[in-house]
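I wanted to page through this model with you and jot down what I looked up. Here are my notes, in the order I made them.

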Amino acid sequence: MRFSDCGAERILGSRRAAAACGFAVTVCVLAATCFVYQWLNSKEIAEPAPMGKLIVDASEGSGRKIPDTMFGVFFEEINHAGAGGLWAELVSNRGFEAGGSNTPSKIDPWAIIGDPSSVTLSTDLTSRFERNMVALRVEVRCDSRALNNVCPAGGVGFFNPGYWGMNIEQGKAYRLVAYVRSSGPVDVTVSLTGPNGFPSLAASRIILNASDAENWTRIELLMEAGLSGRNSRLQFTTEKPGVLWFDQVSLMPLETYKGHGFHPKLAAMLEPLKPRFLRFPGGCYVEGTWLRNAFRWKATVGPWEERPGHLNDVWNYWTDDGLGYFEFLQLAEDLGALPIWVFNSGMSHREHIHVASIFPFVQEALDGIEFARGDPASEWGSLRAAMGHPEPFELRHVAVGNEDCWVPNYRDVYLKFYHAIKLAYPDIRIISNCDGSAWDLDHPADYYDFHIYETATNMFSMGDHFAKAPRTGPKAFVSEYAVTGRDGRTGTLLAALGEAAFLISLEKNSDVVEMASYAPLFVNANDRSWNPDAIVFNSSHIYGTPSYYMQQFFRESGGATLLPATLVKSSVSGSIAASAITWRDPVDSTEYLKLKVVNFGKCTVDLEILINGLDANSCVLSGVGKTELTSSDVMHENSFSAPEKVIPRKGEFANAERHMTVTLAPHSLTSFDMLLEKNTLRIKGDSTTTSMRSAT
């Protein structure tokens with residue numbers, strides 16, 4: 001994803017403009033119709049709601065399998081999504097490297113406790129770590145035992161507020177790691193405190209004699225919080241004069257998602273989406289404004305203390321790369337999702353490597369695949385094994401760059417990557433940055449990448465875009481989609497409805513579209529570089545936007561059977577989008593029929609549904625429930641103060657029949673879930689059958 005010159009708003013041509021115009025006229029007519037109904041109702045004249053009709057073909061052989069990979073998630077290091085978010089590290093700029101390798105280095109947000117007459121902070125290049133030599137030098141001039149320049153009560157030192165405050169929870173344990181050396185004995189108090197240094201939430205001491213402190217010493221402390229604080233800080237204080245050095249200061253909660261370092265609550269927010277894949281680490285983050293600041297995987301693996309970190313110059317903040325290539329692969333595995341690695345293709349936003357000099361980047365990509373998949377005895381596979389994962393990761397997909405097709409030599413560079421990867425790993429599926437939805441690509445690829453950021457109306461009207469895409473050749477990967485701008489704000493119901501209709505169109509065209517993911521995934525409310533986003537958080541609170549909840553309606557689609565679902569033309573059909581799938585619960589093999597319907601209009605609609613092709617003698621259809629995403633105002637958003645203003649509401653759906661009428665609320669996404677018993681449907685093109693066994 002890009003901003004300004006990143007091309008976030010893709011122009012899709014006059015065909016969409018015409019479709020959008022026609023759709024706008026339809027919406028105007030519907031609005032007028034709705035007004036008439038409202039006026040008639042105000043006059044106490046009983047008039048029926050506008051009617052629509054949906055015909056579902058559930059006959060044998062009518063279904064088509066949706067790809068198993070259909071809907072996943074895309075993570076980009078944007079909005080402090082990882083640093084200070086998904087990655088559970090609480091210390092910001094833990095290695096004091098945010099100013100680069102020069103000194104004096106930028107140490108923000110570290111700050112002094114005391115005044116310059118009693119303590120000074122500076123940096124030098126004395127660290128024990130070769131790839132990040134900057135260390136913090138602390139000179140303490142006050143002395144609690146002296147007559148003059150006595151240290152203030154509590155001592156002097158320095159503190160770190162984390163990422164807009166650390167959330168410390170009573171009864172929870174936190175692991176502190178720090179590297180320390182000194183010109184003399186060390187007696188330092190380590191505390192977790194409130195934002196002004198009080199109250200104390202947890203405390204411990206670092207005590208070293210002079211001989212032990214002479215060389216860098218790794219300190220590890222387990223701190224248990226006696227109190228809670230949503231806006232806390234980590235501080236180091238002393239009352240003894242001398243010079244001390246600190247480096248690689250880390251504070252992590254002991255409890256992380258599956259024990260692998262991820263924020264437990266943020267990572268858990270991904271589970272209800274049941275993502276089939278995880279695309280990472282970007283986005284523009286892959287490229288950088290300049291190549292020197294691009295994400296390079298080799299700098300993000302190995303012991304965290306030895307990772308140099310880098311400036312995320314596209315989104316303008318430092319990342320210590322604690323969330324690196326290995327961690328992304330681990331997260332995908334923890335979520336049961338396939339990893340999709342986007343690697344740098346030798347291009348940034350302002351420069352690119354000539355094809356004659358691209359080989360080091362090609363080798364870096366090959367080494368990265370070996371790291372993920374190689375034998376534990378291989379060069380890079382052995383590093384993965386040393387990091388605690390001897391078994392290979394299930395890496396099947398890679399993308400050659402991000403949004404780089406506009407660069408004149410992209411195709412030449414791409415082919416170097418393509419042929420080298422296919423030679424070494426024939427089964428790897430390779431994703432091109434060039435859009436193949438309107439015409440055939442001029443180079444080989446397994447997938448083409450498609451990004452779309454649009455208004456809600458245009459997104460709704462995109463239903464025919466992939467219907468007109470080539471049916472042979474590379475498949476589509478819609479790796480970034482979202483309603484943005486005034487329709488999206490910071491996450492509206494309107495945006496979610498436009499996106500839901502778009503996903504329904506992807507389901508219906510899943511013979512050419514195999515993967516899709518929303519973007520961006522996370523935003524720290526203190527750094528909104530991009531709006532809207534799926535999940536919003538600060539140090540202590542989290543909520544999902546309507547778009548986040550919209551995606552949950554599609555979590556059973558991957559691997560499901562798509563049934564033909566046709567809307568009969570009527571006065572409301574232009575504002576309705578619908579799909580029908582059957583899917584099997586992997587736990588008990590129970591089979592379900594799910595209808596998803598978007599009502600994009602302002603009127604309540606009565607929708608007549610005909611489910612044809614089910615044998616009345618051998619199939620029992622019963623209602624399981626109805627789930628509805630709607631609100632009284634289409635521009636409603638969730639917030640920290642009202643996190644559940646727009647969330648799915650479950651209700652009864654007891655009157656499921658082959659021929660039935662359901663009511664659709666204005667501006668709504670509704671799922672009607674039914675249990676199928678004792679029936680067999682044959683998937684088109686498959687000699688096997690999907691047996692719908694009796695529910696127990």
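**Helix packing**

I began with a pair of helices: α6 crosses α8 in a right-handed sense. This is a predicted model, so I read every value below as computed from it. I looked up the geometry next, and the axes of α6 and α8 come within 10 Å and cross at roughly 35 degrees.

Which residues make that contact? From α6 I noted F361, V362, A365, L366 and I369, and from α8 they are K416, F417, A420, I421 and A424. I sorted the residues where α6 meets α8 by type and got 9 nonpolar, no polar and 1 charged.

Then I turned to α6 (residues 359-373) and α7 (residues 379-386), which pack with their axes 7 Å apart at an angle of about 45 degrees. The crossing of α6 and α7 is right-handed.

On the α6 side I listed D367, E370, F371, A372 and R373, and they meet E379, W380, G381, L383 and R384 of α7.

**Salt bridges**

As a reminder to myself, side chains of opposite charge can pair when their charged atoms come close. How many salt bridges does the model have? I get a count of 28 salt bridges, and I followed up a few of them.

I opened K422 and D446, a salt bridge whose closest N and O atoms are 2.9 Å apart. This pair links distant parts of the chain, 24 residues apart: K422 is in helix α8 (residues 410-424), and D446 is in the loop between β20 (429-432) and β21 (447-454). Are these two buried or exposed? K422 has 19% relative accessibility and so counts as buried, and D446, at 16%, counts as buried too. The cut-off I used for buried is under 20%.

My next entry is K468 with D464, a salt bridge with the closest N and O atoms 3.2 Å apart. Here K468 counts as partly exposed at 46% relative accessibility, and D464 counts as partly exposed at 30%.

I also checked D673 and K594, where the closest N and O atoms of the salt bridge are 2.7 Å apart. D673 lies in strand β35 (residues 668-677) and K594 in strand β30 (residues 591-599), so this pair ties together parts that are 79 residues apart in sequence. I found D673 buried, with a relative accessible area of 12%, and K594 buried as well, with 6%. I also noted one network, in which R175, R218, E220 and E305 are joined by salt bridges that share partners.

**A histidine in a loop**

Where does H636 sit? I placed H636 in the loop between β32 (620-630) and β33 (649-651). Its relative accessibility is 19%, so H636 counts as buried. Leaving out residues up to four places away in sequence, I found that H636 touches G491, T492, L493, P546, S631, K645 and V646.

How values were computed
Residues are numbered from 1 along each chain as its sequence is written. This is a predicted model: local features need pLDDT of at least 70, side-chain atom pairs count only at pLDDT 80 or more; totals for chains, interfaces and linings use all residues. Side-chain values use heavy atoms; hydrogens and water are left out. A salt bridge is a side-chain nitrogen of Lys or Arg within 4 Å of a carboxyl oxygen of Asp or Glu. Helices (H or I, at least four residues) and strands (E, at least two) are DSSP runs, numbered from the N terminus. Buried means under 20% relative accessible area, exposed over 50%, partly exposed in between (1.4 Å probe, protein chains only). Axes are lines fitted to C-alpha atoms, for helices over the stretch in contact, and angles run from 0 to 180 degrees between N-to-C directions. A crossing is left-handed if the near helix is turned anticlockwise from the far one by less than a right angle, and right-handed if clockwise. Contact means heavy atoms within 4.5 Å. Ala, Val, Leu, Ile, Met, Phe, Trp, Tyr, Cys and Pro count as nonpolar, Asp, Glu, Lys and Arg as charged, and the others, Gly among them, as polar.
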